[in-house]
Number of protein chains: 2
Amino acid sequence: MKINQARNLIIKTFKNYKLSNKHSSICADALINAELVGAPSHGFARIISYCNRIKKKVINPKPKIKIKKISSSITQIDANNAVGFIGANLGINHAIQNAKKTGIGFVAVKNSGHYGLSGYYAERAAKKGLVAFCFTNAPPAIAPHGAKKTLFGTNPVCFATPTGSKVPFVLDTSISMINRGKIRRAAKLGGKIPLGVALDKNGNPTTDPKKALKGLQLPIAGFRGSGLAWMVDILSGVLTGGNHGGKVKDPFDDFSGPQNIGHLFIVFKPNLFVKDYTKRIKENIRRIKKLPKLKKFKKIYYPGENKSERFRSNLKKEINIPQSILSEINLLNKS
Amino acid sequence: MKINQARNLIIKTFKNYKLSNKHSSICADALINAELVGAPSHGFARIISYCNRIKKKVINPKPKIKIKKISSSITQIDANNAVGFIGANLGINHAIQNAKKTGIGFVAVKNSGHYGLSGYYAERAAKKGLVAFCFTNAPPAIAPHGAKKTLFGTNPVCFATPTGSKVPFVLDTSISMINRGKIRRAAKLGGKIPLGVALDKNGNPTTDPKKALKGLQLPIAGFRGSGLAWMVDILSGVLTGGNHGGKVKDPFDDFSGPQNIGHLFIVFKPNLFVKDYTKRIKENIRRIKKLPKLKKFKKIYYPGENKSERFRSNLKKEINIPQSILSEINLLNKS
């Protein structure tokens, strides 16, 4: 499907589910971006869940969002159970505004939902010349170190900075060995997942995505990954007023209430302490890129660079939406 | 050696190397803390390097430290090549002060040196009821993803929060599979390192700490760990005005100039967005601790809890300083 056509389909769908024109556009931009950066698990595959949640009244299509200015740097947003993209969009915009004014923007969002890719928001700050952290939590997927039950989400650590080139440095690294969306998509399309990234509910290794969804995803690096996921749960849940400690509901399966996901955005100016940040970061990247490479590597990429190459290449192509997903979306628009 | 006796030995040694009484005490507190939390690689074993660097005039024992207030939240410190503990101590103190005043403290330190354990500083903020990130870089130890040469330090991600109990949550996780200090200590004491944590200079796995020191340490989780180490290098080096991109000198071997390590401290109040942070974090920890456990685990620990247990237990014991290290320190005090 052509990109613009795909975008219009998303807007039409969300408008059918009572979102405003503006909010439908914000959702469409985030979902199209996910498809273009090569993360289809965060693209069209998600629309069904958002619409189902609106239908079951656990996402509010007409949110009354409250924005509370705590100081010139600090803002709190209550997203009133809007689709995650809406609260997150406001969150990063306020963090950017505050950072431009005072040097630092520190913004918490609560009563939000799944906001897609963290890197999407961090990149926007970086493209405006700012450094950013974005944190969000997610439904249980990873077992804390020592536990045989999942509790943490895949809780990414996300950081971006301008690089002096068109392509910002955007680290958006899940703490899970595999992206939960990838497992879900494999389950939907009947594929398999690699061995060693997940366990079934009995704690045995599995390549069956359906068994993995009922079981545990493995964290990176044992207690280190577990600790990072815990940190993200505290920052995005405990601190913001969002759900935390395993209470974020699964957006696909659990309609017993809103997700109340929290997001935290920390944005700051890169030139607070040095006058020549752009020169310095360019030099940093240059030194790393010119290192001797391992045999199978032609090039050393900085985080986000690869994704940006995919984005530019995909911009010239049509978006490939699996027929099963397209049929469900068409059904959504008829019901 | 009794703790107080060990402390006095450190103070005496640093005073012999021209540090003031106050600065010697700050160094002693950090080094004793490292011994007590069970990180001897960051304790007595380091004194020799600090003194040698003072002797070779690449650490300044009488620094003229400049503190520049950029806003009520933001402070910049030029540590004038002091021992790392001195600049870091000022850095975390200013970050705490700023956070208490405005909600956020954002402090960069440049022209500093190896500051010991990040968790030591983050814990101090947490014990004053604040949330903290601490970042510092280090000499090359880890190869960026795709490179066959080391460039990043072991660059820990460090985060702490109060927990409502006496023991704060302190995540201080190196991005390396093994702490460089542990390899160095094994080399000094003639021990071995586990297989799979480091490669020799030809890229082959090794258990010989001396070969590992000349080779590469492996990052956790491939490109994810490499990206996190890169992020820490940017935050503590590029942003602060410190050295970065592989230019931090080895404190043990390279006396060609000061290290100019940078540190970044981000400290904030936990109750900016919620009134009941203490209740919330307690509930968060309670939910995780009560999860069913894997067979070999009696208890689920939060980051820092284990270390705190070791600290309390070690407080009742003498500090075990290897004779080889003690002899070198005695020699330092005679020369």
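1. Let's start with a pair of helices in chain B: α4(B) passes α5(B) in a right-handed crossing. Bear in mind as you read that this is a predicted model. The residues that make the contact are Ala88(B), Ile92(B), Ala95(B) and Ile96(B) on the α4(B) side, and Tyr121(B), Arg124(B) and Ala125(B) on the α5(B) side. By class, that contact has six nonpolar residues, one charged and no polar.

2. To find these two helices, look at residues 84–102 of chain B for α4 and residues 118–127 of chain B for α5. Their axes come within 10 Å and cross at roughly 25 degrees. Angles under 35 degrees count as roughly parallel, and α4(B) and α5(B) are therefore roughly parallel to each other.

3. Next, the sheet in chain B. It is an open sheet of seven strands in the order β1-β2-β3-β9-β4-β5-β6, and the pairing is mixed. At its edges are β1 (66–69) and β6 of chain B, each of which pairs on one side only. From one strand to the next, the twist averages 10 degrees. α5(B) turns up again here: this helix packs on the sheet and touches β4 (131–136), β5, β6 and β9 (261–268) of chain B. The direction of α5(B) makes about 20 degrees with that of β5(B).

4. A handy landmark is Ile74(B), which stands opposite Phe106(B) in β3(B).

5. Another helix to pick out is α8(B), which lies across β4, β5 and β9 of chain B. This one runs at about 95 degrees to β9(B).

6. Over in chain A, seven strands form an open sheet with mixed pairing, in the order β1-β2-β3-β9-β4-β5-β6. Here β1 (66–69) and β6 (169–173) of chain A stand at the edges with a single partner strand each, so one side of each has no neighbour in the sheet. The twist in this sheet averages 10 degrees from one strand to the next.

7. If you want an antiparallel pair in chain A, go to β5 (residues 157–161) and β6(A), which pair in that sense over five bridges. Thr161(A) stands opposite Phe169(A) in β6(A). Helix α5 (residues 118–127) of chain A lies across β4 (131–136), β5, β6 and β9 (261–268) of chain A, and runs at about 20 degrees to β5(A).

8. Now for how the chains are related.

9. Finally, where do the chains meet? The contact takes 57 residues from chain B and 57 residues from chain A. On the side of chain B that touches chain A, the elements giving two or more residues are β2 (74–78), β3 (104–112), β5 (157–161), β6 (169–173), α8 (223–238) and α9 (277–289) of chain B. α8(B) gives the most to that side, with eight residues. The residues of that side of chain B divide into 34 nonpolar, 15 polar and eight charged. The copies meet through the same surface, because 100% of the interface residues of chain B are also interface residues in chain A.

Terms used: Residues are numbered from 1 along each chain as its sequence is written. Chains are lettered from A and ligands numbered from 1 in the order in which they are written. This is a predicted model: local features need pLDDT of at least 70, side-chain atom pairs count only at pLDDT 80 or more; totals for chains, interfaces and linings use all residues. Two residues are in contact if their C-beta atoms, placed from the backbone, lie within 7 Å. Axes are lines fitted to C-alpha atoms, for helices over the stretch in contact, and angles run from 0 to 180 degrees between N-to-C directions. Helices (H or I, at least four residues) and strands (E, at least two) are DSSP runs, numbered from the N terminus. Angles under 35 degrees count as roughly parallel, over 145 as roughly antiparallel, 65 to 115 as roughly perpendicular and the rest as oblique. A crossing is left-handed if the near helix is turned anticlockwise from the far one by less than a right angle, and right-handed if clockwise. Ala, Val, Leu, Ile, Met, Phe, Trp, Tyr, Cys and Pro count as nonpolar, Asp, Glu, Lys and Arg as charged, and the others, Gly among them, as polar. Two strands pair if DSSP finds at least two bridges between them.
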